[in-house]
Amino acid sequence: MVTTSPPLVQVSGIDKRFGSTRALRGVDLSIEAGRCLGLVGRNGAGKSTLVSILSGLLAPDGGTVRFDGEPAPPVGEVARWRDWISTVFQHSMVVPDLTVAENVFLGDVGRVVGWREMRARTREIMAEWGYEIEAEAFCRDLSVEELQIVEIARALARGARCVLLDEPTAALERDAVRRLFERVRRLVDGGVAVLYISHHLEEVFEICQDVAVLRDGQLVLSAPTADLGREQLVAAMVGTAPVAERPAAREQAVDTEAEPVLRVEELTAASARGRLSGVSLTVAPGEVVGVTGLLSAGVATLGRVVAGAVPYQGGRVSVRGQTVRSGRRDLAQRAGVGYVPEDRLAEGFVAHLGVAENVTMTITERLADRFGVLRPGRRTAAAEPLTRALSLVAASPGQPVGELSGGNQQKVTVARTLAHDPGVVVAITPTRGVDVASKALLLSSLADVARTTGAGVLLCSDELSDLVLCDRVIVLVRGEVFTEFTEPPFDRDELIVATEGLGANARVVDQQDTDGVDPR
Ligand SMILES: Nc1ncnc2c1ncn2[C@@H]1O[C@H](COP(=O)(O)OP(=O)(O)OP(=O)(O)O)[C@@H](O)[C@H]1O
């Protein structure tokens, strides 16, 4: 008699409701030992809900989870679930006031290892991954990338039989992504089951043997990746919804002779996200200027300085001729700077307020009647065109933003920025966590604002596909302007080479401007 062993993780008939939202409907899924399963779907499809259920944090309304054929432990007994499944969550679960080693072994201290061994094993894992993070460092001092590494190290240290990676590459650089993939392959070769959630379909094709697609809470496709093309995958994700995967190229010429809406002169700043040294640039009315570079190059710092979110030490930032004082978010906003921050949870929205209220937060005075009263209907009407343009999914305009999926929260942040007719939009990695089909909509709405209102857009992103609709792209290397690409379409490979500080023919700025840049 032939006996086949049960899958390592088997999910059967899982249902989950949140009020009127059916987040998961009768989902069946198997995660096999020694295979990597990709889980994809549009924003709000139910991926994170499934991750929470698989991590023992959320009870399903119906259905079962089995490990190796046996019923999973009761929900809430997180330590017992972790013996089976270790999860790297989309949002940092790292405790800032603990050290790296304490975070890696969080929940296991005393039970599994002593302090000395904990530090030694943390060092070992970091060395194996090629990361230079001190085991004794406090996590509050780490960058976004380093925090994510701590989370991955935690999953690896536990030696769980199944590892869930929920958008693990969102804050990682190319080299770090490559290292992560190597490690995932090694885990899989060693018999570990991996569930890999990503909005980057190319990643799914690269490292997953199988792929499953969730749409509106239902599993609509499950197949080996080798049997599928990208189009089939996107078609399964979007169903019958019309979709533009790429924003249309920009046609309108920008008047670069016009007085710039944004002028940055000889800017010097220091922040945990990279320093800036003597950075100068301008953005003309209606122009979309991209800024890119490696994580430590200062791209996010530049955006944050212009938005007044962090101070600068030298130089000048001016919007429509008016100087924006260092580190004054309020004054930057008053001067007309709209800001799509990198960390939407911390700065992007107010979680307990509704979608329409968040979107119209900066324009309440304009919407109120002559007695200063603002009717909810007016809010909803003002928010609706923006949320529709971004294909935002919410149960109602009043649904608290904290209840939305990650990608939809990001769309609220963008809609809110665009609502108050900014003169300059600073957007930092605006498409992070946004599904493939919504990316084009989001980028197009930024470009539309530039085209129709004459606003300037400063698009700070390490996501090269975000840069397609830029009129120019400025590359920063170690806090300095290294080069500028002025002729779209931009060549992806040339951009990559430039971010590394290489590629002589891409160089168009004066030699003088780049003195001191080590071209490695
Ligand atoms: N705590 C909650 N209360 C109410 N609704 C919720 C809650 N958590 C999730 N939802 C809803 O359940 C649905 C599925 O959300 P989920 O976060 O699982 O989607 P997702 O596929 O992970 O999306 P994304 O790609 O944007 O992260 C969404 O409509 C979301 O608004």
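This briefing describes the domains, sheets and ligand shell of the structure above. The structure is a predicted model, in which local features require pLDDT of at least 70, side-chain atom pairs count only at pLDDT 80 or more, and totals for chains, interfaces and linings use all residues. Residue numbers start from 1 along each chain as its sequence is written. The domain assignment gives domain 1 (9-94 + 142-238) and domain 2 (262-514), with bounds that come from an automatic or database domain assignment. The shell around the ligand draws at least three residues from each of these two domains.

**Ligand shell**

- The ligand is surrounded by 19 residues, and the closest are Phe18, Asn43, Ser48, Ser405 and Gly407; a residue counts as near if its C-beta atom, placed from the backbone, lies within 6 Å of the molecule.
- Two or more shell residues come from each of β2 (21-31), α1 (47-54) and α15 (406-419); helices (H or I, at least four residues) and strands (E, at least two) are DSSP runs, numbered from the N terminus.
- By class, the shell holds five nonpolar, eleven polar and three charged residues, where Ala, Val, Leu, Ile, Met, Phe, Trp, Tyr, Cys and Pro count as nonpolar, Asp, Glu, Lys and Arg as charged, and the others, Gly among them, as polar.

**Helix α1**

- Seven of the eight residues of α1 are buried, a term that requires 20 or more other C-beta atoms within 10 Å of the residue's own, with C-beta atoms placed from the backbone.
- The buried residues of α1 are Lys47, Ser48, Thr49, Leu50, Val51, Ile53 and Leu54.

**Sheet β6-β7-β8-β3-β9-β10**

- Six strands form an open sheet in the order β6-β7-β8-β3-β9-β10, with mixed pairing; two strands pair if DSSP finds at least two bridges between them.
- Because β6 (85-88) and β10 (218-224) stand at the edges with a single partner strand each, one side of each is left without a neighbour in the sheet.
- Neighbouring strands of this sheet are turned by 15 degrees against each other on average, direction ignored; axes are lines fitted to C-alpha atoms, for helices over the stretch in contact, and angles run from 0 to 180 degrees between N-to-C directions.
- Four bridges link β6 to strand β7 (residues 162-166) in the parallel sense, and Thr87 stands opposite Leu164 in β7.
- Helix α1 packs on the sheet and touches β3 (36-40), β6, β7, β8 (193-197) and β9 (210-215), its direction making about 150 degrees with that of β7; contact here means C-beta atoms, placed from the backbone, within 7 Å.
- Helix α8 lies across β3, β9 and β10 and runs at about 30 degrees to β9.

**Sheet β16-β17-β18-β13-β19-β20**

- An open sheet of six strands, with mixed pairing, has the order β16-β17-β18-β13-β19-β20.
- The edge strands β16 (337-340) and β20 (480-485) each have a single partner strand, so one side of each is left without a neighbour in the sheet.
- On average, neighbouring strands of this sheet are turned by 20 degrees against each other, direction ignored.
- Strands β17 (residues 424-428) and β18 (residues 456-460) run parallel and are joined by five bridges; Ala427 has Leu459 in β18 as its bridge partner.
- Helix α15 lies across β16 and β17, running at about 175 degrees to β16.

- The C-alpha centres of domain 1 and domain 2 are 30 Å apart, and the contact takes 20 residues from domain 1 and 19 residues from domain 2.
- Helix α8 (residues 230-238) supplies three residues, the largest share of the side of domain 1 that touches domain 2.
- That side of domain 1 has six nonpolar, ten polar and four charged residues.

Definitions and conventions:
A residue is buried if 20 or more other C-beta atoms lie within 10 Å of its own, exposed if 12 or fewer, and partly exposed in between; C-beta atoms are placed from the backbone. Two residues are in contact if their C-beta atoms, placed from the backbone, lie within 7 Å.
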